[in-house]
Amino acid sequence: MKWIASVPAKYFKTTFASKKASNKRQRGGQKSSSNVFSMFEQSQIQEFKEAFGCIDQDRDGVIKKQDLKETYAQLGKLNVKEEELDEMLNEGKGPINFTVFLTLFGEKLSGTDPEDTILAAFKLFDPNGTGFVNKDEFRRLLMNQADKFTAEEVDQAFALAPIDPTGNIDYKSLCYIITHGDEKEES
């Protein structure tokens with residue numbers, strides 16, 4: 001989803017997975033776009049409002065192509081293809097106001113795996129059960145296996161990761177951050 005990549009990481013750190021969305025999935029509930037606000041905690045909604053405000057450059061309550069161009073320009077990306085902008089806008093299937101914006105993220109975030117599933121995946125790269133994976137080796141795997149990450153995507157993911165001075169990722173803590181948010185930033 002292009003929207004998540006366009007929002008500065010600062011606004012996305014605590015929204016990888018909402019506790020409410022996770023609880024809803026565990027109960028087998030269906031997501032409801034009619035009340036997307038119930039999928040998020042109030043602090044998360046506030047962060048999305050801030051992100052929406054950063055993208056809605058002309059402050060008219062709707063994100064348009066010019067808003068996206070200006071946002072990308074502020075982030076230093078000046079040569080964004082028109083097709084890419086159109087693709088992003090078409091995800092909203094109409095004007096992208098705050099509710100539609102929140103719904104786009106809700107749809108993406110409701111697909112976040114539960115913590116135990118993410119932990120099990122990391123354990124495949126930790127045969128000794130240390131709770132850590134080497135950052136450089138993990139970077140190599142992410143960029144060369146399955147859904148290959150770009151260097152920028154890996155850097156973005158590592159920005160959230162607790163990495164010790166020897167270059168090892170504490171994947172248990174990272175899984176918690178992915179599924180519950182970064183408490184340090186929420187405080």
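Let me start with a term: helices (H or I, at least four residues) and strands (E, at least two) are DSSP runs, numbered from the N terminus. With that in hand, the elements of this protein run α-α-α-α-α-α-α-β-α-α-β-α-α from the N terminus on. That comes to 11 helices and two strands.

A word on where this comes from. The model is predicted, so to speak of local features we need a pLDDT of at least 70, and side-chain atom pairs count only at pLDDT 80 or more, while totals for chains, interfaces and linings use all residues. Residues are numbered from 1 along each chain as its sequence is written, and side-chain values use heavy atoms, with hydrogens and water left out.

Now, the overall picture. I'll call a residue buried when its relative accessible area is under 20%, exposed when over 50%, and partly exposed in between, using a 1.4 Å probe and protein chains only. Of the 187 residues in the protein, 39% are buried. The protein exposes about 10800 Å², an area from the Shrake-Rupley method with a 1.4 Å probe, where for residues only the protein chains shown count as cover. What about contacts, meaning heavy atoms within 4.5 Å? Among contacts between residues at least 6 apart in sequence, 63% join residues at least 24 apart.

Let's go inside. A nonpolar core here is a set of buried Ala, Val, Leu, Ile, Met, Phe, Trp, Tyr and Cys residues joined through side-chain atoms within 4.5 Å. The largest one has 20 residues, and the members touching the most others are Phe40, Phe48, Ile63, Leu68, Phe98, Phe101 and Leu102. Which elements give two or more residues to this core? They are α3 (42–55), α4, α5 and α6 (98–109). Helix α3 gives the largest share, five residues. There is also a second, separate core of 15 residues, and Val133, Phe138, Leu142 and Ala161 are among them.

Rings of Phe, Tyr and Trp (its six-membered ring) pair if their centres lie within 6.5 Å; planes under 30 degrees apart count as stacked, over 60 as edge-to-face, and the rest as tilted. By this rule there are 11 aromatic pairs. Take Phe37 and Phe98: their ring centres are 6.1 Å apart and their planes sit at 45 degrees, so this pair is tilted. Phe37 lies in the loop between α2 (19–26) and α3, and Phe98 in helix α6, so the pair ties together parts 61 residues apart in sequence. Phe37 is partly exposed at 32% relative accessibility, whereas Phe98 is buried at 14%. Next, Phe48 and Phe101 form an edge-to-face pair, 6.4 Å centre to centre with 80 degrees between the planes. This pair links helix α3 to helix α6, 53 residues apart, and both Phe48 and Phe101 are buried. Ring pairs link Phe37, Phe40, Phe48, Phe52, Phe98, Phe101 and Phe105 into a cluster.

Let's look at one helix, α5, residues 82–90. Its buried residues are Glu84, Leu85, Met88 and Leu89. In general, an α-helix has 3.6 residues a turn, so residues three or four places apart point the same way. On the other side of α5, Glu83 and Asn90 are exposed.

Finally, charges. A salt bridge is a side-chain nitrogen of Lys or Arg within 4 Å of a carboxyl oxygen of Asp or Glu. How many salt bridges does a search of the whole structure find? The search finds nine. In one of them, Lys65 pairs with Glu82, the closest N and O atoms being 3.0 Å apart. Lys65 is partly exposed at 24%, and Glu82 is partly exposed at 33%. Arg139 and Asp155 also meet in a salt bridge, 2.6 Å from N to O, which links helix α8 (residues 135–144) to helix α9 (residues 151–160). Lastly, Asp60 bridges to Lys64 at 2.3 Å between the closest N and O atoms, and a network of salt bridges links Asp58, Asp60, Lys64 and Asp67.

Technical notes:
Contact = heavy atoms within 4.5 Å.
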